[in-house]
Structures are given as C-alpha cells and as structure tokens.
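Reader: Please present the structure below, and then take my questions on it in turn.

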Amino acid sequence: MASEKEFQHKVRQLGTLVGELDQMPGSGSKVAARELVQLLMEVHGTGLERIMELVFESGTEGEAMIRRFGQDPIVRNLLLLYSLHPEDLETRVSKAIGIVDARLRKFDSRVELVSIRDGAVRLQLHTSGHAHGSAARNLRSIVEEGIYDLAPDLASLTILGLEEEGASGFVPLETLLKHPTAVHVLGTTD
C-alpha cells in the first residue's frame, strides 16, 4: 500500500507532467495526449462517483464508510481531485481551523475564520505579542499546512494578523543617523 507521501509525490508528478504537456509546441501529439488525460479523468471520475453511490446506498454503514473515506489522507485527496469529497469546503476549513488552533496553543496563539467566499479563505491570527521574523514564518507555516491539508482545493488563503516580513525589530544604523537626537547620542564620548 502506498504511503501518503508517495501518493502526494505522484499527484505532484502528475501535475508537473500535465504542465510540461501544456508547454510542448502545438502538434497533433500534444492534442492527443491532452485528450487522453481528460478522457482518463472522466472515466475514473465516473467510476469513483458510482462507487460512492453504491457505498452510500448500502445504508448507515455506507454513510459511515464515506465519512471514513473523507478522513483518510490518500482517499480524501483522490475524492477532492474528482470533486467527490463528502464534506464541503467550509466544513473542511472549520475542521482544519480546530486542528491548527490546537497546535497554535503552545505558541500562545489562535486562529479564527473571517470569511469564505468563492473558495477564498480569510483567517485572523491572534498572537500574544508581535510575531515577526522566524516566529511569524513558523506560525504562517503551521496555519497554511493545516488548512491546505484538509482543503487543498482553496482558491486562495489570506492570513491576517502577522507582522510584515521586514518588521523584525532591527533598526539599521543609517536610520538612526538620520535623526538629530540619534546623531547627538552616538556622537557623545562621555
């Protein structure tokens, strides 16, 4: 059985190959290859959709199985690829926020949903202090990884509440020298 990492690698590899196909000079081979990929996707999608219907029609056990499909990392991504995931985007984002929030607690931070519109998700990150530099990158990474894990089909993700990358608290010497009081203090040799 393939691991989740192997599966993710294969999905990325597939995306890369499709991208390379798009970059090929226009020819009959390119058109045929594109049609082949599209046809395979349609056939697989139709088959997966029918499997989901059959499982669902088996009653309560089938419904439970479909929920399990939606939680398994490999199956979840496959269902998302074919727009067959049992949960909508908002539900998956809400679940991801719960998981991310638990991870952020050890950094005395939390995240909340601001809005979801047309696949664009806006989150507000609350921290106990000013998060900048590597701390901000770490918090951003935790939030992004957690959200994209359950909702890789987002159109966009905006995280509000993080300091700008350059806001590290470092003040260049040139900036200090531009202020008369700073020059006076720096020029004193008492």
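**Overall architecture**

Author: The protein comprises eight helices and three strands, where helices (H or I, at least four residues) and strands (E, at least two) are DSSP runs numbered from the N terminus. This is a predicted model, in which local features need pLDDT of at least 70, side-chain atom pairs count only at pLDDT 80 or more, and totals for chains, interfaces and linings use all residues. Residues are numbered from 1 along each chain as its sequence is written, and side-chain values use heavy atoms, with hydrogens and water left out.

Reader: In what order do the elements run from the N terminus on?

Author: The elements comprise eight helices and three strands. From the N terminus on, their order is α-α-α-α-α-β-β-α-β-α-α.

Reader: What percentage of the residues of the protein count as buried?

Author: Buried means under 20% relative accessible area, exposed over 50%, and partly exposed in between (1.4 Å probe, protein chains only). Of the 190 residues, the part that counts as buried is 25%.

**Helix 5**

Reader: Which residues of helix 5 are buried?

Author: An α-helix has 3.6 residues a turn, so residues three or four places apart point the same way. In helix 5, the buried residues are Leu 89, Arg 92, Val 93, Ala 96, Ile 97, Val 100, Asp 101 and Leu 104.

**Salt bridges**

Reader: With which residue does Arg 92 form a salt bridge?

Author: A salt bridge is a side-chain nitrogen of Lys or Arg within 4 Å of a carboxyl oxygen of Asp or Glu. Arg 92 is buried because its relative accessibility is 5%. The closest N and O atoms of its salt bridge are 2.8 Å apart, and the partner is Asp 153.

Reader: How many residues apart are Arg 92 and Asp 153?

Author: Asp 153 counts as partly exposed, at 39% relative accessibility. Arg 92 is in helix 5, whereas Asp 153 is in the loop between helix 6 (133-150) and strand 3 (156-160). The pair thus links distant parts of the chain, with a separation of 61 residues.

Reader: What is the distance between the closest N and O atoms of Glu 87 and Lys 95?

Author: Glu 87 is partly exposed at 22% relative accessibility, and Lys 95 is partly exposed at 36%. The two form a salt bridge, and the closest N and O atoms are apart by 2.3 Å.

**Helix 4**

Reader: Which backbone oxygen does the side chain of Arg 76 reach?

Author: Arg 76 is placed in helix 4 (residues 73-81). Its relative accessibility is 5%, so Arg 76 counts as buried. At 3.3 Å, its side chain reaches the backbone oxygen of Gln 71.

Reader: Which residues are in contact with Asn 77, leaving aside its neighbours within four places in sequence?

Author: Asn 77 also lies in helix 4, and with a relative accessible area of 14% Asn 77 is buried. Contact means heavy atoms within 4.5 Å. Leaving aside neighbours within four places in sequence, the contacts of Asn 77 are Phe 7, Gln 8 and Pro 152.

**The hairpin and positive phi values**

Reader: In which sense do strand 1 and strand 2 pair, and over how many bridges?

Author: Two strands pair if DSSP finds at least two bridges between them. Strand 1 (residues 109-117) and strand 2 (residues 120-127) pair in the antiparallel sense, and the count of bridges is eight.

Reader: Which residue in strand 2 is the bridge partner of Arg 117?

Author: The hairpin of strand 1 and strand 2 has two residues between the strands. For Arg 117, the bridge partner in strand 2 is Ala 120.

Reader: What is the phi of Asp 118?

Author: Most residues other than glycine have a negative phi, and most peptide bonds are trans. Asp 118 lies in the loop between strand 1 and strand 2 and is exposed, with a relative accessible area of 75%. Its phi is positive, near 55 degrees.

Reader: Where does Asp 108 lie?

Author: Asp 108 has a positive phi near 55 degrees. With a relative accessible area of 53%, Asp 108 is exposed. Its place is the loop between helix 5 and strand 1.

Note on methods. Polar contact = N/O pair within 3.5 Å; in protein donor to acceptor, adjacent residues only side chain to side chain.
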